[in-house]
Amino acid sequence: MDFSYTTEQEAFRAEIRSWLKANLSPELCVDDAADERVAPNREVFEERRRFQAALSSAGWVGISWPKEYGGRGASLIEQVIYDEEYSRGRAPILPGYSGIGMCGPTLMQWGTEEQKRRFIPRILSGEDIWCQGYSEPNAGSDLASLQTRAVDAGDYFILNGQKVWTSAAQYADWMFLLARTDDQAPKHKGISYLLLDMKSKGVEVRPLVLMNGHAHFNEVFFDDAQVPKENLVGPKNEGWKIAMTTLMYERGGAGGGGHTSQVRRLVELAKRVHVDGHPAWEQGWVRQRLAQFAIDCEAAKFTRLRSLTRRLKGQPPGPEGSVLKLFGSELGVRISHFATELLGGHALLAESTVLVPDAPRWQNRVLSSRQYTIAGGTSEIQHNIIGERTLGLPK
């Protein structure tokens, strides 16, 4: 495989790097974007929304979207370069990430012409922020067990039920959601894909505060909320097909990346903290663990490149997405556990110390890492997918 970039691709890299250097303020930079994918408060949210608007005006949002929908029609290689530079610059995950990465592409495939004209242009600019209404208290990994009901009332549906783990619902203008529209149909049938105005009467959002103090997730309750019929995406009762399209885009961007910078910080940490009266870096077992993490990061990198190669050849997606999701989330847990071994009691501190100035960051890493083995499809589900669909093992 040729890992070199063409002159044109390097020019593209220089262009986005230059734009970020000129327009990304230090206040917007983040250490671990995944841990701060949802703004901690309204002020930060609005700052990030303004940054998304600036990116959009310069043509740097949804760059792989077709030009007819406001994107650049960028190649897969250009998208990879963009992602690398965006991460390198420590830029925040945009507040419109659900619309850009999931809802927008789904509407391009399944939406009516009116839905495309109405919703898609406002996604890239950040004028409309979207959230995802899938999981329910008794329908997480078994999503088709959802119980939220949408009753046909002529020109609109009447929505009743509850969603949970809804990221950024407290800031969202719209929600794309699944609701049961036929109680008599088989479990994976009788489900419809709806677009809900979050300002509708009968919609209540209750933030869920996590043990790290963040409120990324929310409960959302529907009490006779009305959804106009024109906000039905795809055929009524056939929403499972549309939902799988959205999940394909979600899982395609989950797992496998973002750990290299954490390993570099672990190396710095190992040279600063002491084990048995000596710098941890002098311990052979510490260097061995760090070397293994570096190897794991390289393995993930080449797995992503393998997935990219399949797409460049026009082949259907392979098992790499599920492998990366599983491997990446589990690697994050192993990294955080090792951080606690190095830091000892300092891993519990929410304030900086002379020895560990970035102690709050590591505490957050330790408390946050486990959630990614659940978000976007649990590790258990990924094991099943790989075993059944890739290895051909019996259910």
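Contact here means heavy atoms within 4.5 Å. The model is predicted, with local features requiring pLDDT of at least 70 and side-chain atom pairs counted only at pLDDT 80 or more, while totals for chains, interfaces and linings use all residues. Residues are numbered from 1 along each chain as its sequence is written, and side-chain values use heavy atoms, with hydrogens and water left out.

View 1. Strands (E, at least two residues) and helices (H or I, at least four residues) are DSSP runs, numbered from the N terminus. Not counting residues up to four places away in sequence, Asp173 touches Arg49, Glu127, Asp128, Ile129, Leu196, Asp197, Met198 and Lys199. Its side chain makes a polar contact with the side chain of Arg49, at 3.4 Å (a pair of N or O atoms within 3.5 Å; within protein, one must be able to donate a hydrogen and the other to accept it, and residues adjacent in sequence count only if both atoms are side-chain atoms). Asp173 has a relative accessible area of 16% and is therefore buried (buried is under 20% relative accessible area, exposed over 50%, partly exposed in between, with a 1.4 Å probe and protein chains only).

**View 2. Ala339 in helix 9 (residues 320-343).** Ala339 counts as buried because its relative accessibility is 0%. Leaving aside residues up to four places away in sequence, Ala339 touches Leu266 and Trp362. Ala339 and Leu266 are 73 residues apart in sequence, and their C-alpha atoms are 7.2 Å apart in space.

**View 3. Cys131 and Cys103.** The whole structure has zero disulfides (pairs of cysteine sulfur atoms within 2.5 Å). Cys131 is in no disulfide, and the nearest cysteine sulfur, that of Cys103, lies 9.9 Å away. Cys131 is buried, at 0% relative accessibility.

**View 4. The largest cavity, of about 40 Å³.** On a 1 Å grid over the protein atoms alone, a cavity is a set of points where a 1.4 Å probe fits but cannot get out; lining residues have an atom within 4 Å of a point. Grid points are joined across faces, edges and corners, and the volume is the space filled by probe spheres set on the points. The lining consists of Arg37, Val38, Ala39, Phe45, Pro95, Tyr97, Ala168 and Tyr171. By class, seven of these residues are nonpolar, none polar and one charged (Ala, Val, Leu, Ile, Met, Phe, Trp, Tyr, Cys and Pro count as nonpolar, Asp, Glu, Lys and Arg as charged, and the others, Gly among them, as polar).

Key
On a 1 Å grid over the protein atoms alone, a cavity is a set of points where a 1.4 Å probe fits but cannot get out, and a pocket is an open set with protein on both sides within 12 Å along at least five of seven lines; lining residues have an atom within 4 Å of a point.
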